[in-house]
Amino acid sequence: MPAKYGSRRSKTDALIEEGTFNPAADKVRDPKFSGSEFFDPQDAVQVRYEMLRRVSVDRASVTEVSVEYGVSRPTYYQAKANFDAAGIAGLVPAKPGPRGPHKIDDDVLAFLEAHLVPGEPVRARELAKLLRRDLDIDLHPRTIERALKKTRR
């Protein structure tokens, strides 16, 4: 891993920073993950890949592999579906939290755009007040600015 800002970071720090740290590393019971420099039970992507490989190549049962890797069977099947859909990138854990503004649908966006004055800057505070008054929706002015910035590209 390349060092950032002239400092060296540990592999664990890098995994945490990249969102691929396996917090349940102590539950991984596959022998290849104990005492190996290559196989790292803290690397969630590597653990998931090896888990899938054990079933598809070694023909181990899903139940056996779930126990061996310390995950539930639904977790195995979700990892398999993610891998089938996106390859190795599908094994990277998803970031927690909302995936975008949940209050801004097409109707709200149309309302905001209808109240824009061409050639004038976006007046997000005024738009937030209009939204609150007319549609009973509370949006932070910065959220409005970001949403309109995406549509004005």
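I began with the second largest pocket, for which I noted a volume of about 220 Å³. The model I am reading is a predicted one. Thirteen residues, written as 13 in my table of linings, surround this second largest pocket, and Pro101, Ile104, Thr143, Arg146 and Ala147 lie nearest its centre. I sorted the lining by class and recorded four nonpolar, three polar and six charged residues.

**Entry on the largest pocket**

I then turned to the largest pocket, whose volume is about 260 Å³. Its lining consists of 19 residues, and the closest to the centre are Arg48, Met51, Val71, Thr75 and Ala79. I looked up which elements give two or more residues to this lining, and found α2 (44-56) and α4 (73-86). By class, the lining of the largest pocket holds 11 nonpolar residues, seven polar residues and one charged residue.

**Entry on helix α6**

I checked the length of helix α6, which runs over residues 124-135. Its 12 residues, at 1.5 Å a residue, should span 16 Å, and the C-alpha atoms at its ends are 15 Å apart, so the two values agree.

Next I asked which residues of α6 are buried.

**Entry on two residues with positive phi**

I followed the chain just past α6 and came to Asp136, where phi is positive at about 55 degrees. Asp136 is not a glycine, and I placed it in the loop between α6 and α7.

I recorded Arg59 as another residue that has a positive phi, of about 60 degrees, although it is not a glycine. Arg59 sits in the loop between α2 and α3 (62-69). Its relative accessibility of 68% is why I counted Arg59 as exposed.

**Entry on Thr20**

I looked up Thr20 in the loop between α1 (11-18) and α2. Thr20 counts as buried because its relative accessibility is 11%, and the cut-off for buried is under 20%. I listed what Thr20 touches, setting aside residues up to four places away in sequence: Leu15, Gln42, Asp43, Ala44, Val45, Val92 and Pro93.

**Entry on Arg53**

I located Arg53 in helix α2. At 22% relative accessibility, Arg53 counts as partly exposed. Which residues is Arg53 in contact with, leaving aside its neighbours within four places in sequence? I found Lys32 and Asp58. I also noted the separation between the C-alpha atoms of Arg53 and Val65, which is 9.9 Å, the two residues being 12 residues apart along the chain.

Methods
Residues are numbered from 1 along each chain as its sequence is written. This is a predicted model: local features need pLDDT of at least 70, side-chain atom pairs count only at pLDDT 80 or more; totals for chains, interfaces and linings use all residues. Side-chain values use heavy atoms; hydrogens and water are left out. On a 1 Å grid over the protein atoms alone, a cavity is a set of points where a 1.4 Å probe fits but cannot get out, and a pocket is an open set with protein on both sides within 12 Å along at least five of seven lines; lining residues have an atom within 4 Å of a point. Grid points are joined across faces, edges and corners, and a volume is the space filled by probe spheres set on the points. Helices (H or I, at least four residues) and strands (E, at least two) are DSSP runs, numbered from the N terminus. Ala, Val, Leu, Ile, Met, Phe, Trp, Tyr, Cys and Pro count as nonpolar, Asp, Glu, Lys and Arg as charged, and the others, Gly among them, as polar. The expected span of a helix is 1.5 Å times one less than its number of residues. Buried means under 20% relative accessible area, exposed over 50%, partly exposed in between (1.4 Å probe, protein chains only). Contact means heavy atoms within 4.5 Å.
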